[in-house]
Amino acid sequence: MATFFGEVLSVYSRAVEEDDDDLDDENEDERIHREIEEKREVHIVWCPEVAQSLEDSGSNTLQCSDLIIAVGTNAAGFLSAYVLNTESWDAVGHVSLWNERSRGSSRQSIAPLPGEPACLFYRHRDNPAVLVCQSTCYIAEDQLFQWTEKVLGCLQKRGLSVMVLSDSPVAEYKTPDYLYGSAVPFLRSLKSSASKGQALCPALEQPNILTGLPAAVLSHCQVHQIPAVLYQCYTDVISPDSITMETYKPALLCLSKLVKLEPCLSADVLRKFAIITEAQSNLYT
Amino acid sequence: MSIYDRAITVFSPDGHLFQVEYAQEAVKKGSTAVGIRGKDIVVLGVEKKSVAKLQEERTVRKICALDEHVCMAFAGLTADARIVINRARVECQSHRLTVEDPVTVEYITRHIATLKQRYTQSNGRRPFGISALIVGFDYDGTPRLYQTDPSGTYHAWKANAIGRSAKTVREFLEKNYTDEAIATDNEAIKLAIKALLEVVQSGGKNIDLAVIRRNQPLKLLESKEIETLVAEIEKEKEDEVEKKKQKKST
């Protein structure tokens, strides 16, 4: 190479050579990638009866007419208080996964403890085609596709209809109008194009978008033409709270057509699922 | 959210100080307080906070005396209020010692508001998350009601409300604050209770009331007195309804 001043320098080539020495490094990289992938894999653990039904069906799918997914502590609390409070629901499975925010137990077969963030499945005893999923753990973006494929892949597409209830902070709701305190919490809906019925609340306005598990489920339903409706509840409280849970009540109209629901709810039952944060109540006077 | 809402000392391109505006949202998380300026009386009414079972109720107070003739009610962050109240109390006494006169309500309000404004222009400090209603009598006997907010502004009012459902209460006051409504001390107190009953659930037992009469110290009403007044108000409402029914039938 000739330099500016006229001398000639010998330059080392920066071309990559296909050497045998590099193979080990590549193997190591591949190995590390594989390990990370295995660690982050999403596993569904079904109870023995459901695992048996899956095997018995030719296509490894369950017959399901309605799948109700609750994403977030308030949505899950609403289902626990208003739907799962009768004795006719069986826990039939859970999803075990690991990511930086959701360090699930390393052994998949152990069911999560009650109160821990987890992803649980329940099936109604009298109407086994109705499945409820409560998801309170964080599912990383790279795991969402796997979760959706594995869970919805276990269910027969024909006759399936999906409802998703999801929580979101109202700070993420974009609107040109000022939101008065009395308006919060409130519901907004989104549907897949296969969903025919009327949603029970206004549709989510632009430019608001969904992210995370609700978005993954709704996208899957849109692609596979499964009727799906999503109710997003915007709330200004960060912990499970009974007023936010009551905002989901319009969904009870659809749910009561599927399963028998407890007609009235005592305040004690609701209080069990809502955390009355003492710190919060002393912070503001 | 926009990138101009993190630091207190940064204006947004359209002139907002977002941190100050967010501090005003913190005020809305506190329960409602209402202030009424009568002819010979000033009234402060607050919605009592629900107290935990093992908590001493009397240590959870929204109405505090700043001096013998001035008191204030606040809405917002409890700890911030404590700091502001302490500084105001010290200033009241310092003023008495220095100038040998009690503070005027406007003076102490200006002091509190200046303190709050300082915290909106300082690096590394956030604004106080409280609004205050300051009431009292000046030494010339004039009743005063002032309101301050986290930005450090203060204004005099005839009647105002702060906190959770302040807008509803203010609208009620705009309709119902008339010279007749505050003609007597009792009427002024009842107006404050009526305003609070618009937004307080479960009636009189969730209301705290304080009054200052000219040349008299601050008086916190007992719950029995409040219940009696609430009963009077209910009766008056029923009488109104009866009268209207009779008018319709004749």
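Just after helix α5 of chain A, residue A:Q225 takes a positive phi of about 55°. The model described here is predicted.

Helix α5(A) comprises 12 residues, 212-223. At 1.5 Å a residue these should span 16 Å, and the end C-alpha atoms are 17 Å apart, which agrees. Buried residues in this helix are A:L213, A:P214, A:A215, A:A216, A:V217, A:L218, A:H220 and A:C221. An α-helix has 3.6 residues a turn, so residues three or four places apart point the same way. The buried residues of α5(A) pack against strands β2 (66-71), β7 (130-135), β8 (161-169), β9 (186-191) and β10 (228-235), and against helix α4 (141-153), of chain A.

The strands belong to a sheet of chain A. Eight strands form this open sheet, in the order β1-β3-β6-β7-β2-β8-β10-β9, with mixed pairing. At its edges are β1 (43-46) and β9 of chain A, each of which pairs on one side only. On average, neighbouring strands of the sheet are turned by 20° against each other, direction ignored.

Within the sheet, β2(A) and β8(A) run parallel and are joined by 6 bridges. A:A70 has A:L165, in β8(A), as its bridge partner. Helix α5(A) lies across β2, β7, β8, β9 and β10 of chain A and runs at about 155° to β8(A). Helix α7 of chain A (residues 251-258) also packs on the sheet, where it touches β2, β7 and β8 of chain A. The direction of α7 makes about 150° with that of β8(A).

In soluble globular proteins, nonpolar side chains tend to be buried together. The largest nonpolar core of the model has 44 residues, and those with the most contacts inside it are A:L67, A:W147, A:V162 and A:V217. Helix α5(A) gives the most to this core, with 6 residues. Leaving aside residues up to four places away in sequence, A:V162 touches A:L67, A:V217, A:C221, A:I226, A:P227, A:A228 and A:V229. Apart from this core lies another, of 31 residues, including B:V34, B:L173, B:I226 and B:I233.

In chain B, residues 223-250 carry the annotation "coiled-coil region" in an unreviewed UniProt entry. In the model this span is 96% helix and 0% strand, and its end C-alpha atoms lie 41 Å apart.

Technical notes
Residues are numbered from 1 along each chain as its sequence is written. Chains are lettered from A and ligands numbered from 1 in the order in which they are written. This is a predicted model: local features need pLDDT of at least 70, side-chain atom pairs count only at pLDDT 80 or more; totals for chains, interfaces and linings use all residues. Side-chain values use heavy atoms; hydrogens and water are left out. Helices (H or I, at least four residues) and strands (E, at least two) are DSSP runs, numbered from the N terminus. The expected span of a helix is 1.5 Å times one less than its number of residues. Buried means under 20% relative accessible area, exposed over 50%, partly exposed in between (1.4 Å probe, protein chains only). Contact means heavy atoms within 4.5 Å. UniProt positions are given in the numbering used here, feature names are shortened, and annotations may be inferred rather than shown by experiment. Two strands pair if DSSP finds at least two bridges between them. Axes are lines fitted to C-alpha atoms, for helices over the stretch in contact, and angles run from 0 to 180 degrees between N-to-C directions. A nonpolar core is a set of buried Ala, Val, Leu, Ile, Met, Phe, Trp, Tyr and Cys residues joined through side-chain atoms within 4.5 Å.
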